[in-house]
Amino acid sequence: MQAVEKKSLPQTKNSAKENAVQFLFKYGAIILLIVIILYFSSLSDAFFSYGNFADILRSISIVTLLALGVTFTLVVDGFDLSVGSTMSLSTVVTASLMVWYDMPLWLVLLLPLLIGVAVGLVNSFLITVIGIPDLLATLSMMYIVAGLHRTYTEGYSIYNNMPLTSGGTAPGQLSEAFLWIGQGQMLSLPVPVWIMVVMVLTAYVILNHTRWGRILYMTGGNAEAATLSGVNVKRVKTSAYIISGVFASMAGILFTARVGSGQIDAGAPLLMEAVAAVFVGYSVLGAGKPNALGTFFGAAVIGILLNGLTIQNLPYYAFDIIKGAVLVAALAVTYVYAKNKFSKS
């Protein structure tokens with residue numbers, strides 16, 4: 001009898017541990033968000049206000065667009081590290097088209113998106129044709145694209161009436177119509193928030209309610225099985241990396257319209273936030289996979305946390321510690337859950 005009790009005790013402990021991990025995996029991110037909001041609301045009356053939350057949503061709009069691109073590549077079992085550099089290149093190209101070359105708005109919006117497509121095509125060529133692993137290929141592209149945008153601008157940020165190295169001043173300016181995209185309001189919400197919401201919902205519908213979305217997940221889940229089912233895996237992966245490049249370019253356009261200038265290396269600090277947002281999104285309501293709504297939720301968690309720390313006057317140079325801690329926590333819960341699930345199966 002005692003032997004049976006001793007034997008059942010470890011089983012009970014293991015079961016409790018598994019239940020705890022499963023609970024954290026499903027509801028940990030939501031609990032964390034609630035705790036963060038309650039904590040900072042108790043410290044500052046300004047935190048829990050409509051204006052502050054509108055600012056938070058506007059601040060996470062760019063990160064969310066970057067993260068959606070990473071989400072699509074993770075869905076097909078890839079990973080795009082070049083999104084930050086692509087965003088930086090798109091940022092300076094967008095500003096230069098208006099400030100240096102005085103081009104019309106439609107071209108200013110179109111050409112950077114084509115740059116995103118080009119970066120995505122090069123990434124997919126390196127991965128699907130040459131066979132370089134995703135991380136190494138996109139890491140290489142990250143440095144190449146970063147070098148391109150610094151060379152293109154000669155290391156200078158681009159702004160209205162800037163002096164040119166060839167002499168004189170820049171002939172064009174960032175137009176009011178363009179700046180409205182990043183600074184304007186519509187129905188009492190910032191325009192970037194509306195753009196973010198539309199893109200998140202579009203990505204959600206594509207991934208969860210279309211045949212192509214199912215093919216993307218099938219490719220990421222088992223590429224060999226997808227090939228045997230008649231799926232052109234190379235073409236599917238190529239489409240995912242093109243989408244990632246386009247989202248990164250959209251983030252660059254939005255950043256330029258928001259700050260009113262083309263800042264070099266604008267996307268580099270946002271890469272970690274985008275990656276963290278995607279992995280936090282893995283665990284939202286137990287999704288267990290990259291998904292659009294989870295990515296948005298992850299970006300919101302990080303944005304609200306950083307906003308609260310800013311209100312509390314935490315030095316900006318300590319923010320990377322917080323971002324890294326959030327990413328480690330998200331990865332720990334995700335991989336512990338995956339490990340337990342694998343051991344049970």
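Predicted model: local features only at pLDDT ≥ 70, side-chain atom pairs only at ≥ 80, totals over all residues.
## Aromatic rings

A pair of aromatic rings is described by the distance of the centres and the angle of the planes. A search of the whole structure finds 8 aromatic pairs. One of them joins F47 and F53, whose ring centres are 5.7 Å apart and whose planes stand at 65°, so the pair is edge-to-face, given that plane angles over 60 degrees are classed in this way. The two partners can also be described by their accessibility: F47 has a relative accessible area of 0% and counts as buried, whereas F53, at 22%, is partly exposed.

F47 and F53 also belong to a cluster, linked by ring pairs, that includes Y39, F40 and F48. Elsewhere in the model, a charged side chain is placed against an aromatic one: K289 lies over the face of Y217, at 4.4 Å from the ring centre.

## Crossing of helices α11 and α12

Two packed helices are described by the angle between their axes and the distance between the axes. For helix α11, which spans residues 270-282, and helix α12, which spans residues 292-311, the axes come within 7 Å and cross at roughly 120°. That angle makes α11 oblique to α12, and the crossing in which α11 passes α12 is right-handed. On the α11 side the contact is made by E273, A276, A277, V278, V280 and G281, and on the α12 side by G294, T295, G298, A299, I302 and L306.

## Lysine 323

K323 is placed in helix α13, which covers residues 319-344. With a relative accessible area of 10%, K323 is buried, because the limit for that class is under 20%. Leaving aside residues up to four places away in sequence, K323 touches P269, M272, E273 and L306. Of these contacts, E273 and L306 also take part in the contact between α11 and α12. M272 and K323 are 51 residues apart in sequence, while their C-alpha atoms are 7.3 Å apart in space.

## Positive phi values

Most residues other than glycine have a negative phi. D102, however, has a phi near 55°, a positive value in a residue other than glycine. D102 lies in the loop between α3 (83-99) and α4 (105-130), and with 51% relative accessibility D102 counts as exposed.

S188 likewise has a positive phi, near 65°, and is a residue other than glycine. The position of S188 is in the loop between strands β1 (185-186) and β2 (189-190).

Technical notes:
Residues numbered from 1 in each chain as written. Heavy atoms only, no water. Phe/Tyr/Trp six-rings, centres within 6.5 Å; stacked < 30°, edge-to-face > 60°. Buried < 20%, exposed > 50% of the residue type's maximum accessible area, 1.4 Å probe, protein only. Lys NZ or Arg CZ within 6 Å of the ring centre and 35° of its normal. Helix = DSSP H or I, 4+ residues; strand = E, 2+ residues; numbered from the N terminus. Contact = heavy atoms within 4.5 Å. Axes fitted to C-alpha atoms, helices over the stretch in contact; angles between N-to-C directions. Parallel < 35°, antiparallel > 145°, perpendicular 65-115°, else oblique. Left-handed = near helix turned anticlockwise from the far one by under 90°.
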